[in-house]
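Happy to walk through this one together. Let's take the labels one by one and see what each rests on.

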Amino acid sequence: MKILDLIIKKRDGMKLSKEEIDFFVKGVTDGTIPDYQTSAMLMAIYFRGLDDDETALLTIAMAHSGKIFDLSEIKGIKVDKHSTGGVADTTTLILAPLTASVGLPIVKMSGKGLGFSGGTQDKLNSIPGFNVDIDENHATEYAKKTNIVLMSQNNELTPADKKLYELRDVTGTVESLPLIASSIMSKKIAAGADAIVLDVKCGSGAFMKDIDSAKKLANIMVSIGKNSGRNVRAIITSMSQPLGNYIGNSLEVIEAIEVLKGNVKGDLLDVTLKLGAHMLILANITDKEDTAIKILKENIENKKGLEKFREMIIQQDGNPNIIDDYSLLPHCEHEYKVISEYSGYITETNTALIGRASLETGAGRSYKEQELDYGAGIIMKKRIGDKVEKGETIALIYSSSEEKCVSAGEFIKKAIKIEKDKKEIPPLILDTII
Ligand code: URA
């Protein structure tokens with residue numbers, strides 16, 4: 001088999017067979033296919049697409065390009081969760097301890113973030129002492145003991161995805177639905193999950209800007225799940241404004257703790273409960289969403305979720321006192337208020353620009369090796385639909401310098417639209433794909 005023939009086949013819009021897809025993934029993984037031919041194939045896929053069968057075959061080949069995590073020693077259905085990424089998306093930090101407190105074994109790998117703020121791994125790293133570098137044996141041991149382990153993405157997993165993603169990043173081929181779907185799902189499959197709940201974000205702060213492309217991506221990923229023997233559901237949720245009000249690494253840890261303490265209501269809690277309910281359903285705890293939500297709410301009220309979070313921090317060498325004393329978390333010297341220049345109602349927020357503001361504070365990375373400022377970030381004081389008076393504070397910005405704060409503030413001002421008349425608040429949960 002020759003890679004040139006496969007590139008031509010895909011370039012001309014033809015379907016690739018299992019053997020051809022396996023050959024491509026093997027060659028990418030062992031380096032026998034040079035980057036220029038891999039890039040050409042990626043571009044051919046970008047323009048010609050892959051059908052459901054090809055996408056599932058690519059996903060499975062990528063999942064098997066490296067190690068597959070073996071979670072078989074851990075009893076119960078292992079349900080994973082994945083978000084396609086958004087601003088102030090702190091759900092994992094809440095969901096993992098909350099669902100573990102109900103009895104689900106949670107072994108969750110997370111990556112570092114590139115862009116507006118850190119990934120879950122970075123948020124956890126903002127907890128003093130917290131160790132995310134856990135190997136397979138310790139992950140199994142922890143999950144058996146406490147039902148929960150949150151860890152960094154293992155380097156031995158999906159080397160093909162790593163290579164393909166690096167090339168997609170520099171060849172303009174990231175925004176391809178089958179490539180995004182196979183990239184995400186291959187990592188989830190390799191991480192050993194039996195079932196997966198996907199949070200597909202849709203809106204100005206997400207990969208998928210409109211509902212049609214979000215639905216397409218969700219359907220592809222659910223179909224990959226079915227084709228690879230995993231039970232997968234996707235919830236499409238709005239990213240037309242930041243999900244929570246705290247953006248940044250230690251700031252998001254604080255907001256997650258506040259939700260687990262029962263002090264925060266609103267969109268972040270609502271999306272967390274929705275995703276958590278579907279995790280409970282996939283774990284066969286109940287088959288009714290209402291019942292699942294009731295169970296989760298009870299474990300917020302009785303603080304079992306919060307105590308599970310504490311147990312996880314202790315188990316992974318972090319300082320559990322941060323739960324009761326937020327001053328033990330990293331924080332920034334400079335605080336800056338973004339003041340409204342108008343009176344009216346917030347009618348729209350450009351979430352991508354708010355993400356850009358967060359990057360400006362130092363909470364996110366613009367290149368892979370960049371160090372994060374764990375204490376930096378933004379607290380949004382207003383959401384869509386809120387009334388605002390001229391002179392009122394719209395957001396608080398935290399950074400290591402006054403200049404960074406001012407520059408972030410300019411992005412926030414650009415991101416927020418204030419109008420005389422109130423407009424309808426966009427729906428939060430847009431669809432559920434089973
Ligand atoms: N997240 C991934 O893991 N892969 C993609 O291709 C896009 C988002």
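Q: What makes the place of N147 a loop between α7 and β3?
A: N147 lies between α7 (136–146) and β3 (148–152). Helices here are DSSP runs of H or I with at least four residues, strands are E runs of at least two, and both are numbered from the N terminus. This is a predicted model, in which local features need pLDDT of at least 70, side-chain atom pairs count only at pLDDT 80 or more, and totals for chains, interfaces and linings use all residues. Residues are numbered from 1 along each chain as its sequence is written, and side-chain values use heavy atoms, with hydrogens and water left out.

Q: Which residues surround the ligand?
A: They are Y165, R168, I180, S183, I184, K187 and F207. A residue is counted as near if one of its heavy atoms lies within 4 Å of the molecule. This shell divides into four nonpolar, one polar and two charged residues. Ala, Val, Leu, Ile, Met, Phe, Trp, Tyr, Cys and Pro count as nonpolar, Asp, Glu, Lys and Arg as charged, and the others, Gly among them, as polar.

Q: Which elements give two or more residues to the shell around the ligand?
A: These are α8 (159–171) and α9 (177–190). The most comes from α9, with four residues.

Q: Why are α8 and α9 called roughly antiparallel?
A: Their axes, lines fitted to C-alpha atoms over the stretch in contact, come within 11 Å and cross at roughly 150°. Angles run from 0 to 180 degrees between N-to-C directions. Over 145 degrees counts as roughly antiparallel, under 35 as roughly parallel, 65 to 115 as roughly perpendicular and the rest as oblique, so α8 and α9 are roughly antiparallel.

Q: What makes α1 roughly parallel to α3?
A: The axes of α1 (residues 3–11) and α3 (residues 35–48) come within 8 Å and cross at roughly 20°. That makes α1 roughly parallel to α3.
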